[in-house]
Amino acid sequence: MQQLFLVAIGGAIGSIARFKLAGFMMNQATEWKFPLGTFTVNILGCFVIGALAGLADKYDLFSSDWKLFLFTGLLGGFTTFSAFGLETMMLLRNGDIMTALLYVLLSVIIGVVLMYGSFMIFRHLF
């Protein structure tokens, strides 16, 4: 039961953070077709999860409960690949094929590069 509570609390915090950051970003780019809010959240989430995983790998920092809270709960609630999928589908449905393709490519490539880079940096430098 404690594990479910940790995931639920982390997920609630991550979801609220996602909602606030994505909303802020979308308000900064109201004329854009590109889903900047979700893109920003996904890229930031990839960086943070890579950094924390790198630190955890190097220093064995987190207990299994902390890993559940941080990785499954907090960051699972924060990142938005389900919203990413929906927004991509809507772009395709609206005929914005190039925007959809750009969104998918940039999200995946930059996300993986940032995750790997932050993993290596935080694993080796801190």
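Which helices do the buried residues of helix 1 pack against?

## Helix 1 and its partners

In this predicted model, the buried residues of helix 1 pack against helix 2 (36-59) and helix 3 (64-78). The residues of helix 1 that are buried are Leu6, Gly10, Gly11, Gly14, Ala22 and Met25.

Helix 1 itself covers residues 2-28, and its 27 residues reach 39 Å from the first C-alpha to the last, which is close to the 39 Å expected at 1.5 Å a residue.

## Helix 2 against helix 5

Helix 2 packs with helix 5 (residues 97-125) at an angle of about 25°, and their axes lie 7 Å apart. Because angles under 35 degrees count as roughly parallel, helix 2 is described as roughly parallel to helix 5. Helix 2 passes helix 5 in a right-handed crossing, and the contact of helix 2 with helix 5 has, by class, 16 nonpolar, seven polar and three charged residues.

## Helix 4 against helix 5

Helix 4 (residues 81-93) also meets helix 5, with axes that come within 7 Å and cross at roughly 155°; that angle makes helix 4 roughly antiparallel to helix 5. The crossing in which helix 4 passes helix 5 is left-handed.

On the helix 4 side, the contact is made by Phe84, Glu87, Thr88, Leu91 and Leu92, while helix 5 contributes Ile97, Thr99, Ala100, Tyr103, Val104 and Ser107. Sorted by class, the contact of helix 4 with helix 5 has seven nonpolar, three polar and one charged residues.

Terms used. Residues are numbered from 1 along each chain as its sequence is written. This is a predicted model: local features need pLDDT of at least 70, side-chain atom pairs count only at pLDDT 80 or more; totals for chains, interfaces and linings use all residues. Side-chain values use heavy atoms; hydrogens and water are left out. Helices (H or I, at least four residues) and strands (E, at least two) are DSSP runs, numbered from the N terminus. The expected span of a helix is 1.5 Å times one less than its number of residues. Buried means under 20% relative accessible area, exposed over 50%, partly exposed in between (1.4 Å probe, protein chains only). Contact means heavy atoms within 4.5 Å. Axes are lines fitted to C-alpha atoms, for helices over the stretch in contact, and angles run from 0 to 180 degrees between N-to-C directions. Angles under 35 degrees count as roughly parallel, over 145 as roughly antiparallel, 65 to 115 as roughly perpendicular and the rest as oblique. A crossing is left-handed if the near helix is turned anticlockwise from the far one by less than a right angle, and right-handed if clockwise. Ala, Val, Leu, Ile, Met, Phe, Trp, Tyr, Cys and Pro count as nonpolar, Asp, Glu, Lys and Arg as charged, and the others, Gly among them, as polar.
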